[in-house]
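Look at the sequence and the model shown here.

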Amino acid sequence: LLVGAPQARALPGQGANRTGGLFACPLSPEPSDCWRVPIDEGVDPERESKENQWLGVSVKSQGPGGKIVTCAHRYEVRHRVRQPLETRDVIGRCFVLSQDLRVRDELDGGEWKFCEGRAQGHERFGTCQQGLAAAFSPDRRYVLLGAPGTYNWKGTLRVEQLNQSSLDLLRLDAGPFEAGGEKEQDPSLIPVPANSYFGFSVDSGAGLTRPQQLSFVTGAPRANHTGAVVILRRDSASRLVAEAVLAGPQLSSAFGHALAVLDLNSDGW
């Protein structure tokens with residue numbers, strides 16, 4: 001059992017008091033044999049801060065033999081440290097690990113930070129909060145990363161491929177895909193207003209709107225003061241395109257705060 005503990009005390013060398021962490025708990029008769037997964041050790045104080053980063057805020061597994069993802073949505077990148085114009089961007093970051101909870105290949109580790117290096121400021125990517133929600137697609141090809149702080153808290157969803165062989169990268173559906181466009185970075189392409197928290201919850205499944213087609217689903221619990229859920233598909237231009245928007249039923253219901261995709265009657269839809 002993998003357990004996220006986003007308020008766990010920092011490890012020695014992290015330069016913080018509380019960073020959060022990921023714990024592994026064997027399902028055994030012994031109730032106190034959980035151990036902390038050794039990730040995210042150390043810190044570079046000239047370029048990052050891990051204080052209150054909430055590592056473990058999301059935890060997902062691909063299942064037997066697969067990968068694990070866990071995120072710290074309040075991880076900060078620092079610029080011009082100890083200078084009058086110092087800035088801190090709350091971009092968030094995620095760690096992908098192999099089944100034994102270690103870094104085993106070039107895709108494992110903590111370099112999943114798609115907002116790093118992009119335009120700063122809360123109206124763009126300075127408060128991305130990537131990883132508040134994360135998931136894997138059922139075909140094991142993609143990792144989904146919600147970033148509800150992007151574009152003045154309108155939010156966005158990022159879908160990146162996990163199997164990046166040379167043949168995979170030649171496919172039209174190789175990605176990465178992003179609501180708003182991975183290249184365009186245009187918030188007007190996202191069908192919710194500012195302050196919607198689009199990306200607060202994420203999931204995916206085939207057959208939601210068309211036979212065999214993989215769809216991506218995300219919640220925006222503050223959209224239009226009722227909340228909304230958006231179903232998206234990939235296109236050939238690295239965009240996630242909305243196919244349906246399900247509006248919340250009532251004021252302040254926070255519709256979309258959490259969600260899960262299922263096939264209720266096992267008919268493939």
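**Salt bridges and a cavity**

Glu178 is buried, with a relative accessible area of 0% (buried means under 20%, exposed over 50% and partly exposed in between, with a 1.4 Å probe and protein chains only). The model is predicted, so local features need pLDDT of at least 70 and side-chain atom pairs count only at pLDDT 80 or more, while totals for chains, interfaces and linings use all residues. Residues are numbered from 1 along each chain as its sequence is written, and side-chain values use heavy atoms, with hydrogens and water left out.

- Glu178 and Arg158 form a salt bridge through their side chains, at 2.7 Å from N to O (a salt bridge is a side-chain nitrogen of Lys or Arg within 4 Å of a carboxyl oxygen of Asp or Glu).
- This pair links distant parts of the chain, 20 residues apart: Arg158 is in strand β13 (residues 156-161) and Glu178 in strand β14 (residues 177-178). Strands are DSSP runs of E with at least two residues, numbered from the N terminus.
- Arg158 also counts as buried, at 7% relative accessibility.

**Salt bridges in loops**

- Glu184 and Arg239 meet in a salt bridge of 2.5 Å, N to O.
- Glu184 sits in the loop between β14 and β15 (201-206), and Arg239 in the loop between β17 (228-234) and β18 (240-247), so the pair links parts of the chain 55 residues apart.
- Glu184 is partly exposed at 35%, and Arg239 is partly exposed at 27%.
- Glu46 and Arg82 form a salt bridge of 2.4 Å, N to O.
- Glu46 is partly exposed at 43% relative accessibility, whereas Arg82 is exposed at 62%.

**Salt bridges in the whole structure**

- The whole structure has 23 salt bridges.
- A network of salt bridges links Asp40, Arg47, Glu48, Lys50, Arg93, Glu111, Lys113 and Glu116.

**Cavity**

- There is one cavity of 30 Å³ or more (a cavity is a set of points, on a 1 Å grid over the protein atoms alone, where a 1.4 Å probe fits but cannot get out).
- The largest cavity holds about 30 Å³ of space; a volume is the space filled by probe spheres set on the points.
- Its lining consists of Leu11, Gln14, Gly20, Gly21, Leu22, Arg36, Val37, Ile39 and Leu55, where lining residues have an atom within 4 Å of a point.

Conventions: On a 1 Å grid over the protein atoms alone, a cavity is a set of points where a 1.4 Å probe fits but cannot get out, and a pocket is an open set with protein on both sides within 12 Å along at least five of seven lines; lining residues have an atom within 4 Å of a point. Helices (H or I, at least four residues) and strands (E, at least two) are DSSP runs, numbered from the N terminus.
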